[in-house]
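Subject: Structure handover and findings

Dear colleague,

I am passing the structure on to you with this email. Please open it alongside the notes, which come after it.

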Amino acid sequence: QVQLVESGGGLVQAGGSLRLSCAASGDFVSLSDMGWYRQSPGKDRQLVARITSQGVTNYIDSVKGRFTISRDNAKKMVYLQMNSLKTEDTAVYYCNADVISVVSGRFIRRNYWGQGTQVTVSA
């Protein structure tokens, strides 16, 4: 159906930058709201940033001013630019997207998750 594949994770020192990418593929009409979530050991998965199909964004307070979410609808991709990284940003980051598909001749919105990419920030 639809696949979301993250890339760009890795090891970086505190204060450094990293850019995550998420590529959507499969048979669908368009991508609706997209976002990035993260999960650290012993903690619940949390929303980091979201962006609507019109480009409206929101972020959790802890990343405001440091992270920027963006999208390229033509390329079917969403990005997360992470600057001034802190050790507490260490987590597995997951791409999430609402996808519009045609089912039995009708437009249907479905939600999908990527497999996640590890981001490790060292002190």
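The notes below go through the sheet, the disulfide, the hairpins and the pocket in turn. Please keep in mind that this is a predicted model.

E7 and E8 make a hairpin with four residues between the strands, and Lys 76 in the turn has a positive phi of about 55°.

As for burial, five of the six residues of E8 (residues 77–82) are buried, so the rest of the structure largely encloses this strand.

The disulfide

How many disulfides does the structure hold? There is one, formed by Cys 22 and Cys 95 with their sulfur atoms 2.1 Å apart. Cys 22 belongs to E3 (residues 18–26) and Cys 95 to E9 (residues 91–103), so the pair ties together parts that are 73 residues apart in sequence. The torsion about the S-S bond of Cys 22 and Cys 95 is about -85°, so the disulfide is left-handed.

Are the two cysteines buried or exposed? Cys 22 has a relative accessible area of 0% and is buried because the cut-off for that class is under 20%. Cys 95 is buried as well, with a relative accessible area of 0%.

E4 (residues 30–39) pairs with E5 (residues 46–51) in the antiparallel sense, over five bridges. Trp 36 stands opposite Ala 49 of E5 in this pairing. The hairpin of E4 and E5 has six residues between its strands, and Gly 42 takes a positive phi near 80° there.

E5 in turn pairs with E6 (residues 57–59), again antiparallel, over three bridges. Ile 51 has Thr 57 of E6 as its bridge partner. This second hairpin has five residues between E5 and E6, and Gly 55 in the turn has a positive phi of about 90°.

The largest pocket

Which residues line the largest pocket? They are Arg 38, Gln 39, Ser 40, Lys 43, Asp 44, Gln 46, Ser 62, Arg 66, Lys 86, Glu 88, Asp 89 and Ala 91. By class, seven of the lining residues are charged, four are polar and one is nonpolar. The volume of the largest pocket is about 180 Å³.

Regards

Technical notes:
Residues are numbered from 1 along each chain as its sequence is written. This is a predicted model: local features need pLDDT of at least 70, side-chain atom pairs count only at pLDDT 80 or more; totals for chains, interfaces and linings use all residues. Side-chain values use heavy atoms; hydrogens and water are left out. Two strands pair if DSSP finds at least two bridges between them. Helices (H or I, at least four residues) and strands (E, at least two) are DSSP runs, numbered from the N terminus. On a 1 Å grid over the protein atoms alone, a cavity is a set of points where a 1.4 Å probe fits but cannot get out, and a pocket is an open set with protein on both sides within 12 Å along at least five of seven lines; lining residues have an atom within 4 Å of a point. Grid points are joined across faces, edges and corners, and a volume is the space filled by probe spheres set on the points. Ala, Val, Leu, Ile, Met, Phe, Trp, Tyr, Cys and Pro count as nonpolar, Asp, Glu, Lys and Arg as charged, and the others, Gly among them, as polar. A disulfide is a pair of cysteine sulfur atoms within 2.5 Å. Buried means under 20% relative accessible area, exposed over 50%, partly exposed in between (1.4 Å probe, protein chains only).
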